[in-house]
Amino acid sequence: MYDAGLLGRDEQLSVLQELMGGLPDAGGAMALQGAPGVGKSALLRVAAERARTAGWQMLEVAGRSDDTPFSGLRELLRPVLGTADALPAEQGGILRSALEIGSGPRPETFKVALAALNLVTARAAEQPAVLIADDVQWLDGPTRDVLAFMARRVSHNPIVILAALRSGRTLPGVPVLDVPVLDEPSARLLLARRAGTLPPAVQERILGEALGNPLALVELPEAWRRTGPSASWTHLAVSPALATAFAGGLGEVPVQARDALLVAAVDHVGDLSEVLAAASALAGRAVAVDVLDSAVAALLIRVDGTTLRFLHPVVRFAVLDAEPRARRQAANAAMAQVLAEQPERRTWHRAQSVDGPDDDLADELADAHASLVRRHGVVWAIWALERSAQLTADSATRGHRLLRAAEHAHGLGRTRLTHSLIDEAERQELNDADRAKAGWLRDISDADPQPGPARTRVWDITELSADDPHLGLDLLLSAALRAHGTEADPARRAGIVAAADRLTATSDPRHIAALALAEPVLRGRTVADRLPSNETVWYIPDADGLRLFGMAAHAIGDPVRAAILLRRAETMLRKQGRLGLLSETLLTEAADQLLLGDWPRAAHLTEEARRILTETRQPALLAALTGTDAVAAALRGQPQRAVELAGSVAAWQRTDLIPTLRLARGMARLDEGRYAAAYNELRPLLDQPYEALRWQGFAAVMPFAMAADRGRSRHEGAHILALLEGAARVTPAPLLHVQMPYARAVLAADAVAEELYMVALGQDLARWPLVRARTEQAYGQWLRRRRRAARSRMMLLSARTAFELIGASDWSGRNATQAAGNPLASVTEPLSPHETLIARLAAEGLSNREIAKRLNVSHRTIAAHLYRVFPKLGITSRRELAPLLKPPEPGASDR
């Protein structure tokens, strides 16, 4: 029964296939339940086609029959009424009387239902029968009762009954097949089939308003083609098919209810008291809440306490579409009349009640947009600025207001809307500053996954900032972002820094972020000195400032400070609903947390970003998310997945993501033991003038040193390491400095290696558990090669425990996900991670004081832990630990 034209309906089609596949041996019934337009009728058409192809008897009825009792049943049974004479005389008479074929009083519904069932059963004995009833909620009551009676009794006969009805309506005792809205991939595919030629912003809006409803996804594009472009705040036109499906009962509600529905439709808040007051003003007489009962019964709205809500956006559109423009303007004027205590909303509705231009009202609405952001969210501010632009006579001012709206749309992550607003602004007579601002907005937003050429010349920045310092800083940041993402040549980076030096606002977050992005090594110390301290972060009230400070810390290789700043910014961005900037911030912090070894936090961040990007559809950030997933997979010891994810991102040809993909592939090759391949992947991140290094290069230092050591490239690797020493002397980047001691030790001659390992382990690595673990692992292997077994086992045990606790690969083909193959895993299962570490160290022969010194706790604490460990492991003494927990000797793959 599968129909390739029905998207996202495999489950429902499978259920219907199974039900109808029982014919002729068995029958059954199913009630398809879902919202209007969701596709119940389409599924019934597929079932009907299957029945006709099989040569079965088809009996069909659709709702909207008249209200006469049994009128729907008469239509359903019309093809087989000629065989009613074969029924017992009494039943035949009952059926004729009910269907008005004969005469006499109306019989009982039960007797009619029994006669109808016997009639269909007799016909089905000769030829299986399929009964299909669509829009059952609109059939007369007695017909619905007969359908339910028959549906409960056909399972042992070659009869299938399929009924479709709205959500909230049932046929008692009949199994229900839920028909939900389409999932997003299916909805997007259906929309692409029907509206692939529409502007991207229109497609995104239709997708958002349709809420996965197939009929809306099909009909709204057609209606848009007939009516043409509209502002983001205006309602979408509806087709007759949509109006009938979603608001078929609108014509039957009383006039006063129509007034209330119209007022609610022009508003976006739904406060019941406001709606009734404005409806009273519109009608010229008091409108009470009970007038809405008819609209509730017609499935147009629901009233929840003090709030009125339309059941679907299309219902609201249908209400507005059914009224002339003058009535819609009058409803807005009525709403403005009752909003004296809310001046910003009052101004909004006044602006909808007039025809433009009206510069005074436009100015008032533009001024109100900041208050709308605080009270009602960013979307309202975008609408206000768009409408203000429509009412503005001067072209340059109109363009300026559209650009302000585009800024807000970018903050929301509404990429298509952002570029639509920029397009409209650029059709105006923009001044030089606003034309530059339009270019800046295109640069920082994300409609195209491949970065294009810069739209702002570096030498314009100082000139433009003379009249508008804020614009100058915005342009500076835009230029730095593009230079950072496209690996700009040194001359362009130097030009950006020179322009930054000519600006006076050196403490502005945009200025600091621009320096960090353009020259993270050469200006890293300056940036680090200007970043807020960890103690003052909590007193910074500006989400944008915190985000940019965090971006700067990330760029210069300070993930600890970056994570603190970004986490604070995320809290504010969530409250403000600025999902576009929030998703970018989440991904930046996730990369930092991966480097710091806090992988549960990193996973939480990437999942939140994934949910947001599913909604906002920002292509560049989707690619960045996949790149972050690739790095995480490589760190966790999943090389195949890491390479697959990196390959999927590489297909986008994103220059800015090449370093991240190299890092992921390089670590994946280490996981596979392919050290030469790992070396070749990682070398380009480091083998370049040190001023061109980026954070991915800093992060590559340890895996590069391991790859050079094991891939027989020690001499060349040591030469590249010497070049990195130049960067270490210039920049304070913790991400570089914390890894350099490891690299020096791994690539050093044996005579000095141990001293260098001691230096590496003597650092403060409290926030760098992976660095400590990898250093202990390398030192332990170095010791083992020199037959210093006891010290070697202690280092390797500590490293392995850390890898297991974090969930990281040791880059030797073993990782925490393989614990099932580790004989120690089941033994230590009753223990906490901390107890496991102490027990293993004790099993190696360390005393309580030695363990305490190693873990920076008191020896009494160690004794207390071991006191709890012994009964958990079923032992009574320390000497019994070694047979249980002594680790196996590391294999040859360690080298």
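Student: How many residues of strand S1 are buried?

Tutor: This is a predicted model, and in it 7 of the 7 residues of S1 (residues 28–34) are buried, so the strand is largely enclosed by the rest of the structure.

Student: Which residues sit on each side of S1?

Tutor: On one side you have Gly28, Met30, Leu32 and Gly34, and on the other Ala29, Ala31 and Gln33; both faces are covered. As a rule, side chains in a regular strand alternate between the two faces of the sheet.

Student: And which strand does S1 join through 7 bridges?

Tutor: That's S4, and the two run parallel. Look for glutamine 33, whose bridge partner in S4 is leucine 165. S1 also pairs with strand S5 (residues 176–178) in the parallel sense, over 3 bridges. There, leucine 32 stands opposite leucine 177.

Student: Let's move on to S3. Is it mostly covered or mostly uncovered?

Tutor: Mostly covered: 6 of the 6 residues in S3 (residues 129–134) are buried. Ala129, Leu131 and Ala133 lie on one side, with Val130, Ile132 and Asp134 on the other.

Student: What are the strands joined to S3, and how many bridges are there?

Tutor: S2 (residues 57–62) is joined to S3 by 6 bridges, and S4 (residues 159–166) by 5. S2 and S3 run parallel, and so do S3 and S4. For landmarks, glutamine 57 stands opposite alanine 129, while leucine 131 stands opposite isoleucine 161.

Student: What do S3, helix H6 and S4 make together?

Tutor: They make a right-handed β-α-β unit, with H6 covering residues 141–151.

Student: Switching to helices: at what angle do H30 and H31 pack?

Tutor: About 155°, with their axes 11 Å apart. H30 (residues 599–616) and H31 (residues 619–635) are therefore roughly antiparallel to each other. H30 passes H31 in a left-handed crossing.

Student: And how do H31 and H33 cross?

Tutor: At roughly 20°, and their axes come within 8 Å. H31 and H33 (residues 658–671) are therefore roughly parallel to each other. H31 passes H33 in a left-handed crossing too.

Student: Last one: which residues touch the most other members of the largest nonpolar core?

Tutor: Leu686, Leu736, Tyr757, Trp768, Ile851 and Leu881, in a core of 97 residues. Apart from that core lies another of 58 residues, including Leu217, Leu242, Ala245 and Ala298. In soluble globular proteins, nonpolar side chains tend to be buried together.

Definitions and conventions
Residues are numbered from 1 along each chain as its sequence is written. This is a predicted model: local features need pLDDT of at least 70, side-chain atom pairs count only at pLDDT 80 or more; totals for chains, interfaces and linings use all residues. Side-chain values use heavy atoms; hydrogens and water are left out. A nonpolar core is a set of buried Ala, Val, Leu, Ile, Met, Phe, Trp, Tyr and Cys residues joined through side-chain atoms within 4.5 Å. Buried means under 20% relative accessible area, exposed over 50%, partly exposed in between (1.4 Å probe, protein chains only). Helices (H or I, at least four residues) and strands (E, at least two) are DSSP runs, numbered from the N terminus. Two strands pair if DSSP finds at least two bridges between them. A crossover is right-handed if, with the strands pointing away from the viewer, the path from the first strand over the helix to the second runs clockwise. Axes are lines fitted to C-alpha atoms, for helices over the stretch in contact, and angles run from 0 to 180 degrees between N-to-C directions. Angles under 35 degrees count as roughly parallel, over 145 as roughly antiparallel, 65 to 115 as roughly perpendicular and the rest as oblique. A crossing is left-handed if the near helix is turned anticlockwise from the far one by less than a right angle, and right-handed if clockwise.
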